[in-house]
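Thanks for making the time this morning.

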Amino acid sequence: MIIVLKNTATEEQITSLRGEMSEMGLAVQDIHGENTLMIGLAGATEMVSEDSIVRHEFVEKVLKISEPYKLAGRKFHPKDSIYEIAGRKIGGGAFAVIAGPCSVESEEQMLSIARDVKTAGAGFLRGGAFKPRSSPYSFQGLGLDGLELLKIAREKTGLPIVTEIMSQEYVEIFEKEVDVIQIGARNMQNFPLLREIGRTGKPVLLKRGLSSTIDEMLMAAEYILKEGNNHVILCERGIRTFETATRNTLDLSAIPVIKKRSHLPVIVDPSHGTGYWDLVYSMSLAAAAAGADGLMIEVHNQPVKALCDGQQSITPYLFSRLMRKVEKVHEIVAAADI
Ligand code: PEP
Ligand code: MN
């Protein structure tokens, strides 16, 4: 961090500012420009409040050199993070596919879809038991009963389960029962929830907020990492823009941007990202081509009867065709020598 001082700054003011900064344990170094004096700060600068420094009337501006996400950032962790979850790898060249219905509806539905997506090659089973619906009159999910059905599907197929948590009250149950805890777009900045999940030892799938920047997502991941949980997977699921032709605008450029800034694995959800089943195929291939570490796809055995998000759910048949193609795209992208 660099503090640029105004020419009017007095020696007394500068000495006092230097003292303030070294009391915080920072290394303080004067930098002399042609007509300007700057103070360079090194150390735990994320603790420094930029706002309180610029409030000094003798300070011109504050320049930040490093990103505020020290744990999520690549700077201090240059290698890709690779996690092993229930014998499956995510990150660093391994391609993970999470598939299943938007919501858990019944045992028969879960088992049928779980078997189909497993046969097609999915590594993880998804299904919402607690659903964040825009309307309080829409199906809200089966809650804990839904979690039980997910467990049955896991037992019968061996697929680890990924499901969304909406409230802190269920953290203990989720830690015990699920394989990957999903934090949905609407809760990406629910900081108490992020902290609480950060204290669990469970891998977390953190979805990008509806109107969040990439840096905001990385700061949300930082909340989880800071509490000691170092298994965070990021998920690009589209953002709000002026475009109405799709439910959200799938920001595929987020993949290489995140890869530059962070070591965390990043997967793509083309189902929520587009909102239409017939766009899922092409956007999945595009995500693999852009270097994603995996996909989260909504698959339903009877999309027209789905209680939630049927319009964006693909059938098991289309999913199996997609899997074959996406693996090929991933192979080409992962081949370092081309
Ligand atoms: C979901 O994956 O079920 C979901 C609700 O997604 P999002 O939080 O991205 O809207
Ligand atoms: Mn959904």
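Is glutamate 298 buried or exposed? Before I answer, please keep in mind that what we are looking at is a predicted model. Glutamate 298 has a relative accessible area of 1%, and because anything under 20% counts as buried, that is how I would describe this residue. Aspartate 309, at 12%, is buried by that criterion as well.

These two residues belong to a metal site: the manganese ion, ligand 2, is coordinated by Cys102 through SG, His272 through NE2, Glu298 through OE and Asp309 through OD, at 2.0 to 2.4 Å. Along the sequence, the donor residues follow the spacing C-x169-H-x25-E-x10-D. Glutamate 298 sits in strand 14, residues 294–298, whereas aspartate 309 lies 11 residues away, in the loop between strand 14 and helix 11, which covers 316–334.

Let me turn to the other ligand. As for polar contacts, oxygen atoms of ligand 1 are found 2.8 Å from a side-chain N or O atom of arginine 126, 2.9 Å from a polar side-chain atom of lysine 131, and 2.8 Å from a polar backbone atom of alanine 185. Ligand 1 taken alone exposes 300 Å², of which the protein buries 97%.

Finally, the overall layout: the domain assignment gives domain 1 as 2–63 and domain 2 as 83–335, with 44 Å between their C-alpha centres.

How values were computed:
Residues are numbered from 1 along each chain as its sequence is written. Chains are lettered from A and ligands numbered from 1 in the order in which they are written. This is a predicted model: local features need pLDDT of at least 70, side-chain atom pairs count only at pLDDT 80 or more; totals for chains, interfaces and linings use all residues. Side-chain values use heavy atoms; hydrogens and water are left out. Donors are N, O and S atoms within 2.8 Å of the metal (3.2 Å for Na, K and Ca); water is not among the atoms, so sites may look incomplete. Helices (H or I, at least four residues) and strands (E, at least two) are DSSP runs, numbered from the N terminus. Buried means under 20% relative accessible area, exposed over 50%, partly exposed in between (1.4 Å probe, protein chains only). Domain bounds come from an automatic or database domain assignment. A polar contact is a pair of N or O atoms within 3.5 Å; within protein, one must be able to donate a hydrogen and the other to accept it, and residues adjacent in sequence count only if both atoms are side-chain atoms. Accessible areas come from the Shrake-Rupley method with a 1.4 Å probe; for residues, only the protein chains shown count as cover.
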